[in-house]
Amino acid sequence: MNNLVNILYIVAFAMFIYGLMGLTGPKTAVRGNWIAAVGMGIAVVATLIEVRDAAAINWILIAAGLGIGVLLGVPPAKRTKMTAMPQLVALFNGVGGGTVALIAWAEFIETDGFSVFHHGEEPTVHIVVGSLFAAIIGSVSFWGSLVAFLKLQELLNKNVEKAFVKNARIFQLTNIVLLVLAVAVSIYIGIEATPGGGTAWWTIVVVLIAAGLMGLFVVFPIGGADMPVVISLLNALTGLSAAAAGLALNNTAMIVAGMIVGASGSILTNLMATAMNRSIPAIVFGSFGGGGAAAAGGPGDEGGTVRSTSAADAAIQMAYASQVIVVPGYGLAVAQAQHAVKDMASILESKGVEVKYAIHPVAGRMPGHMNVLLAEADVEYDAMKEMDDINGEFNRTDVTIVIGANDVTNPAARNDPSSPIHGMPILNVDESRSVIVLKRSMSSGYAGIDNPLFTADRTSMLFGDAKKSVNSVIEELKAL
């Protein structure tokens, strides 16, 4: 039976890795998700087989837990719109971290403060350290992810957000104190975790509370423009905490799955930070922007003149262009305009116009947000160009149409040393012969700063809901 368990684990791990490979592109992402999910199911079965003879196993509670998990997990996943997917990812990620923290707490209680472990076995370093690491990181991930969810869902009071951003340095110093406290109490628990020693129950509570406050105070001051990186970082932390808990519990599935999530999340976090030309410590300790608290700007804020255009004029410009580049942003996601954009592109292509899509690594509110939206509308993957591949195309592009993107097209990142986003690589849309920006208003982007692109000589604004505006352009294109 042990051989069967090991074989099932190997199959599950292979499916985890193969499924992760499928997430490298929209065409294979769905299949990759299914493969990884089946792999996790196999790992759960293998774990239940492995513990089948344990006297303390309560199969009713296990069945109830599985049932509750399905009821709480499936409906939100099926009903959540693509615009709210970042919030769902943040919430699910937080649940994983919280689960790991609760497992560490439960093991502390069951083993009398780690003084014994698994029926009297003397606790080893990897058991105690693994459990305490899981408790700290899992708690940070849970509470931090919860704040990320509230920020993305715009449920936080705007004045509270501004206060946290304004006093970021105070919270950073507080986090240092909390980290020292959590580590110090963890060391005390480790010293007392000897057979028959027994550590006071409140010590693990102090660790969990200190780590939880640290998770809150780390994410609260971080601005909305950094949120994709934060989600990725918290995901990596959840994976590492699960791996640590797996070491403590001697559970191979948790170790391997946690390390895969931790490693892939860490790589993605680094790639996202690099795409913003910022280090991870700079994002965590020196964030910019105030999320939804960004103040609305107005025409002429940058000292220029805002030129409005109409759907008819936009259609004429694009119909007689050789190349059109579409730059999607979160506004496209909010308006659910991806299908309309695909229809518009099809009409342009039937007229001999080459259409490409420029994807910035941090466009939207989570990694790959724009790729997923466009793939949902059956946009060819080859037409989606990454920033490094498309930036050289703008200076020979007739029309660039920016749909709901803001900060990732802001030339201040390239031209204004005083700008908070200076140095962040952007899509060079301002180099196009003509730029059409679709926005509801002149409000600032998620970073909370003005965009001089809107008042540039080559830019015209098409105000209104993105989907309605694109549909109006489509009607005008059909009439040409």
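The model is a predicted one, and its open sheet consists of six strands in the order 3-2-1-4-5-6, paired in the parallel sense. Strand 3 and strand 6 (residues 459-463) form the edges, each pairing on one side only, and the twist from one strand to the next averages 25°.

**Strand 2 and its neighbours**

- Strand 2, which spans residues 354-359, is mostly covered, with five of its six residues buried.
- On one side, strand 2 pairs with strand 1 (residues 323-328) in the parallel sense over four bridges, and within this pairing V326 stands opposite Y357 of strand 2.
- Strand 2 also runs parallel to strand 3 (residues 384-386), to which three bridges join it; here I359 has E386 in strand 3 as its bridge partner.

**The strand 5 and strand 6 pairing**

- Strand 5 (residues 435-439) is paired with strand 6 through five bridges, again in the parallel sense.
- In this pairing, L438 is found opposite L462, a residue of strand 6.

**Helices and the sheet**

- Helix 12, covering residues 311-319, lies across strand 1, strand 4 (residues 399-403), strand 5 and strand 6, and runs at about 135° to strand 4.

Conventions:
Residues numbered from 1 in each chain as written. Predicted model: local features only at pLDDT ≥ 70, side-chain atom pairs only at ≥ 80, totals over all residues. Heavy atoms only, no water. Buried < 20%, exposed > 50% of the residue type's maximum accessible area, 1.4 Å probe, protein only. Helix = DSSP H or I, 4+ residues; strand = E, 2+ residues; numbered from the N terminus. Pairing = 2+ DSSP bridges. Axes fitted to C-alpha atoms, helices over the stretch in contact; angles between N-to-C directions. Contact = heavy atoms within 4.5 Å.
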